[in-house]
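Here is a short briefing on one protein model.

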Amino acid sequence: MRTTLKIVIPLIVSVAAVSLFFAAYQVRTEKRLLRNDLSRRAEILGESLQESVEPLLDRGAEKNLQRLVERFGQREHLKGVAVYNGAGAALAITPGLSQVFRLRPGTATRAFQKNAGVGGFLSAQQSPSLNAEEAAPMHIYALPLHRNGEVVGVLALFHDTSYIDVQVSRTLRDSLLSALFQTLLITGLALVLVRVTFTEPLTRTANWLRTLRMGQPTPTSELPKGEILDEIHREVTHLAHDLHTARAVAEVEARLRESNASIWTAERLRVSLRNKLQEKPLFLVSNREPYMHVFNEKDKSIEMIVPASGVVTALEPILLACNGTWIANGSGDADREVVDERDHLRVPPDRPSYTLRRVWLSDEEDKGYYEGFSNEGLWPLAHIAHTRPIFRPEDWLQYHKINRRFADAVLEEMEGTESPILLAQDYHFALLPRMVKDARPDARVAIFWHIPWPNAEVFGICPWQRELVDGLLGADLIGFHVQSHCNNFLETVDRALEALTEWDRFAACGLTPSAWRSRRIPMRSARRAAPAKNAPRFATRCASRLHSSAWAWIALITPRESSNASAPWNAFSS
């Protein structure tokens, strides 16, 4: 009740103040209108009488003047009429007027002196009278009377204005009653609305949170609905979900400690990545974006959807755990509407944990790079499908152009980061590792090839096999699904680059087409043995089934300390 009063009392004061202000304004306006109306009627009547009185002054007919003022003195609200000579004495006066007005009043004197009509309102205190009973508010309007062009007298009209005060009092009374009624009505409605809209929903929400805190969750359907509290409910729901998740994680960790088990959990992943990355950001590049924004066809509102993608499912936990940056193709028709000036967007929407950087492609570029070279060329070639792979020079140019655009975006995001770590995804970016490595030799680059790698004879069908292989060898780590794909890749390297491959050590020596320098490339399979501890950082390593244990990528391409060098790798290789 106290909270309700805190909300309602200011509203009551505000409504009452506004109502009183409006009442005062209405009374003032009513009084002004009535006075203006009286002044206008006095002027019209005075001008009419002036035309009748001036001829009588010429003949000196005082009796006719008296009959005239008596006849006009019987009008509504007209208290009387008086005619004064130049000396200020009354020539004719309505019998009902006070004897005080037998001498010219100040208003008439000013009209005589100015030779113009003069009017004015007098209150009861200002009205000249012999006793208090005769005192009444009035309006006096005086006009000069002329004879042969000279002012010889004054015509004065006296109106009783007490009816104006009566009318203003009634208006004030009605306005105050109306203000009181409005205040009571609005106060009652406010009390009901505050109780229904705020007090009861907040009480139910507090009870719901209390049950969650006590470990007795209730269905979220019991939460109150309403536009005003939707945002609060959304955040409260996320808070409840986080609380439930934290309890579940704590229970899992307790059971694992009890059983001395070593199983990866989301919390262990977060701690492992934090220790491994040492607060450095992680960068990931893929063609598919984890969140897409599209326009609703009905009302053109913007909706957020999660594309169906195994890459997103496998790799988003890594970004959530380390607050990294995901560079991807902005393919939604409303994607441009929600990013900032740097094409950045914090995601997920309910709990922003990492940055999504969108790269823009035109329809022509997407057709050549994605639909053409990637899906009509590399995909059927790698799968040795019945559909013949199609390689067009114009598609290759678009593929190279888009790989360069993504590489530039990656390098832009890496600015200011020492020894950054990049995870590239799939056959869409075979050229990107070399482009990044040439610009940032200190970067640790890994790429996972999500489709099979065919044997060397089949891959030789591609007219640009040397460029593709050289681009992949820019990475420090290349991942495939199975060991046979690793073997096929090594055979392709041996044939395409004329490299000397040492199969017993999974190493190769040769010249790379782009760098044209001698380089020893040791290769290791994740299923066979851990990489040599003294392997050079620039060496490319080949591993299989990396996508099933995504954090093994970081274990391979980051410097390993002697105290925990084998733990992530052993967990991966098992």
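Two strands count as paired if DSSP finds at least two bridges between them. Strand β13 (residues 444-448) and β14 meet that cut-off, because they pair in the parallel sense over three bridges. In β14, Ile478 is the bridge partner of Ile447. The model is predicted.

**Overall make-up**
- The protein contains 15 helices and 18 strands.
- Of its 574 residues, 45% count as buried.
- Among contacts in the protein with a separation of 6 or more, 63% come from residues 24 or more positions apart.

**Strand β14**
- Strand β14 covers residues 477-480, and both of its faces are covered.
- Leu477 and Gly479 are on one side, Ile478 and Phe480 are on the other, and all are buried.
- In a regular strand, side chains alternate between the two faces of the sheet.

**The five-stranded sheet**
- Five strands form an open sheet in the order β2-β1-β5-β4-β3, with antiparallel pairing.
- β2 and β3 (118-122) stand at the edges. Each has a single partner strand, so one side of each is left without a neighbour in the sheet.
- From one strand to the next, the twist averages 20 degrees.
- Strands of a sheet pair through backbone hydrogen bonds, either parallel or antiparallel.
- Helix α3 lies across β3, β4 (138-147) and β5. It runs at about 35 degrees to β4.

**Pairing along β5**
- Strand β1 (residues 78-85) pairs with β5 in the antiparallel sense, over seven bridges.
- Leu78 has His159 as its bridge partner in β5.
- Asn85 has Gly153 as its bridge partner in β5.
- β4 also pairs with β5 in the antiparallel sense, over ten bridges.
- Arg147 has Glu150 as its bridge partner in β5.
- The hairpin of β4 and β5 has two residues between the strands. Asn148 there takes a positive phi near 55 degrees.

**Aromatic rings**
- How many aromatic pairs does a search of the whole structure find? The search finds 18.
- One of them joins Phe101 and Phe158, and this pair is tilted. The ring centres are 4.6 Å apart, with 50 degrees between the planes.
- That pair links distant parts of the chain, 57 residues apart. Phe101 is in the loop between β2 (90-93) and α3 (106-114), while Phe158 is in strand β5 (residues 150-160).
- Phe101 and Phe158 are both buried.
- Trp453 and Phe459 have ring centres 4.4 Å apart and planes at 25 degrees, so this pair is stacked. The cut-off for stacked is under 30 degrees.
- Trp453 and Phe459 are both buried.
- One aromatic cluster is formed by Tyr369, Tyr370, Phe373, Phe391, Trp396, Tyr399, Phe406, Phe429 and Trp464.

**Charges over rings**
- Arg104 places its charged end over the ring of Phe112, 4.9 Å from the ring's centre.
- Arg336 lies over the face of Trp360, and the distance to the ring centre is 4.3 Å.

**Cysteines**
- A disulfide is a covalent bond between the sulfur atoms of two cysteines.
- Is Cys322 buried or exposed? Cys322 counts as buried because its relative accessibility is 14%, and the cut-off for buried is under 20%.
- Cys486 also counts as buried, at 1% relative accessibility.

**Arg71**
- Arg71 lies in helix α2 (residues 62-72).
- Its relative accessible area is 55%, so Arg71 is exposed. The cut-off for exposed is over 50%.
- Arg71 and Val81 are ten residues apart along the chain, and their C-alpha atoms are separated by 9.6 Å.

Technical notes:
Residues are numbered from 1 along each chain as its sequence is written. This is a predicted model: local features need pLDDT of at least 70, side-chain atom pairs count only at pLDDT 80 or more; totals for chains, interfaces and linings use all residues. Side-chain values use heavy atoms; hydrogens and water are left out. Rings of Phe, Tyr and Trp (its six-membered ring) pair if their centres lie within 6.5 Å; planes under 30 degrees apart count as stacked, over 60 as edge-to-face and the rest as tilted. Helices (H or I, at least four residues) and strands (E, at least two) are DSSP runs, numbered from the N terminus. Buried means under 20% relative accessible area, exposed over 50%, partly exposed in between (1.4 Å probe, protein chains only). A charge sits over a ring if NZ of Lys or CZ of Arg is within 6 Å of the ring centre and within 35 degrees of the ring normal. Axes are lines fitted to C-alpha atoms, for helices over the stretch in contact, and angles run from 0 to 180 degrees between N-to-C directions. Contact means heavy atoms within 4.5 Å.
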